[in-house]
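Hi,

Here is the structure I promised to pass on.

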Amino acid sequence: MKKLLTIFLVTILIGVSAPMSAQNNKQGKLDKKEWLQKVKKYKHEFLTVELELNETQSKAFFEVYDAKEEERTKLERSLRKFERSLSQKINDGTATDAELDSCITLQYKFNAAMAEIDKKYESEFRKHLTKVQLFKLPHAERKFMRTLMENRQAHRSSKPNDIK
């Protein structure tokens, strides 16, 4: 039954991802905010099935989970912004050794900071999930990402003029 629900959610994700990519705003670009909200919704559904959450658990868990994800996203964005800025300087030949050292240090500290965020939310997750569900969480997150990437890749490769 669990496998059928997972297959059902993946099918929905595939069915929704194609029309979502076809929805463009005035500039011909995807509405990123809307797309992210839909992905978030499907991630909630996917994790609910994978972790076998009941309604009460799901509501309480995702309030905490979304806060954690938002914090992680902010950290990722700040690192990526700094990396993009430095990449431009590298391409222009204007990057200094101090800037490169700073970015390298930041990259190594990034993983530790992400782990700290996860650790910060662990006690809250323990309030809403069983030990088995908490154990399954990182595996379910990776499975979701794999599924999302496979669907994206399948959608891109189905375009006949998308040869690189």
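Below is what I found in it, from the overall fold down to single residues.

This is a predicted model, in which local features need pLDDT of at least 70 and side-chain atom pairs count only at pLDDT 80 or more, while totals for chains, interfaces and linings use all residues. Residues are numbered from 1 along each chain as its sequence is written, and side-chain values use heavy atoms, with hydrogens and water left out.

The protein has five helices and zero strands (DSSP runs, H or I of at least four residues for helices and E of at least two for strands, numbered from the N terminus). Of its 164 residues, 27% count as buried (under 20% relative accessible area, with exposed over 50% and partly exposed in between; 1.4 Å probe, protein chains only).

Helix 2 has 20 residues and spans 28 Å from its first C-alpha to its last, close to the 28 Å expected (1.5 Å times one less than its number of residues). Its buried residues include Val39, Tyr42, Phe46 and Leu47, and also Lys43 and Glu50. Just after helix 2, Glu52 takes a positive phi of about 55°; this residue sits in the loop between helix 2 and helix 3.

Helix 3, residues 55-92, gives the most to the patch, with three residues. Lys81 lies in helix 3 and is exposed, at 60% relative accessible area.

Best wishes
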